[in-house]
Amino acid sequence: MNEPIVARHWLALAAPKAAPAVATSTVLILGRIWNANGAEHSVGNAALMVVLAAGAAAAGAFASAGRAGDPVIAGTAFAASGGLALAGVAGYADGLPLPLLLWALATTVAYAITARYWRTDRRDSLTFERQTAVRREEHGHVERVEALRAGAQIEVARSGAAYAEQLAQALTARAALPGFNPTQLTQAGLPELPADIAKENRA
């Protein structure tokens, strides 16, 4: 069974790897734009970002500590909390060193977290590929065995038909011999001749 080969574009392969850096860079850029539009040293704006970041962190802690904790929701909430904190610092600070430091830290943490999920996905993908290959080999083996068995049965049937035809020809030839008595064969324990051959012989 042949499966179509799908070649993915290199951008589609690189996009997941670049997603954490793109996300943190976008937050940093938006924070600096916010800083240029009046957020620098604004206590109200800084307090708002602190409240939003703390709320997102609390939501992530609540989601992860629940009885049926959802790691996806928890991870999203913690990522939102870090993004809000980075945006708050980038918007409030008057220079670039601190926002860039936090950006580098956030990017490193994001890659450290997502690397674990990438390893898990890669492991699951390899396991699925191995299982698929094993199933394909098993199916191929079963198909080959069944093909050999069917071929053997066909050969046996052909041999049986050829033997039956040769036996019928031999019996017909022997029945045509002068003085042949089919009842003597039956009395001797040999197979009885077909009825049409016996009738011809009696005639």
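**Entry on Thr 107.** I began with Thr 107 and found that it touches Ala 21 and Thr 24, leaving out residues up to four places away in sequence, where contact means heavy atoms within 4.5 Å. I placed Thr 107 in helix H4, which covers residues 97-175; helices (H or I, at least four residues) and strands (E, at least two) are DSSP runs, numbered from the N terminus. Thr 107 is buried, its relative accessible area being 10%, and the cut-offs are under 20% for buried, over 50% for exposed and partly exposed in between, with a 1.4 Å probe and protein chains only.

**Entry on the source.** I noted that this is a predicted model, in which local features need pLDDT of at least 70 and side-chain atom pairs count only at pLDDT 80 or more, while totals for chains, interfaces and linings use all residues. Residues are numbered from 1 along each chain as its sequence is written, and side-chain values use heavy atoms, with hydrogens and water left out.

**Entry on the whole chain.** I looked up the make-up of the protein chain and found six helices and zero strands, in the pattern α-α-α-α-α-α along the sequence. Of its 203 residues, 17% count as buried. The protein chain exposes about 14,900 Å², of which carbon and sulfur atoms supply 66%; such areas come from the Shrake-Rupley method with a 1.4 Å probe. Among contacts between residues at least 6 apart in sequence, 64% join residues at least 24 apart.

**Entry on H2 and H3.** How do the axes of helix H2 and helix H3 cross? I read that the axes of H2 (residues 43-65) and H3 (residues 71-92) come within 7 Å and cross at roughly 165 degrees, the axes being lines fitted to C-alpha atoms over the stretch in contact, with angles from 0 to 180 degrees between N-to-C directions. H2 and H3 are therefore roughly antiparallel to each other, a label for angles over 145 degrees. The crossing of H2 and H3 is left-handed, meaning that the near helix is turned anticlockwise from the far one by less than a right angle. The residues of this contact between H2 and H3 divide into 19 nonpolar, four polar and no charged. I kept the classes beside that count: Ala, Val, Leu, Ile, Met, Phe, Trp, Tyr, Cys and Pro are nonpolar, Asp, Glu, Lys and Arg charged, and the others, Gly among them, polar.

**Entry on Ser 81.** I then turned to Ser 81, which is found in helix H3. Ser 81 is buried, with a relative accessible area of 11%, and it touches Ala 53, Ala 56 and Ala 57, not counting residues up to four places away in sequence. Ser 81 and Ala 57 are 24 residues apart along the chain, and their C-alpha atoms are separated by 5.3 Å.

**Entry on Val 50.** Is Val 50 buried or exposed? Val 50, in helix H2, counts as exposed at 56% relative accessibility. From C-alpha to C-alpha, Val 50 lies 9.5 Å from Val 89, and the two are 39 residues apart in sequence.

**Entry on H3 and H4.** Leu 86, Val 89 and Ala 90 in H3 meet Leu 98, Pro 99, Leu 102, Trp 103 and Ala 106 in H4. The residues of the contact of H3 with H4 divide into eight nonpolar, no polar and no charged.

Terms used:
Angles under 35 degrees count as roughly parallel, over 145 as roughly antiparallel, 65 to 115 as roughly perpendicular and the rest as oblique.
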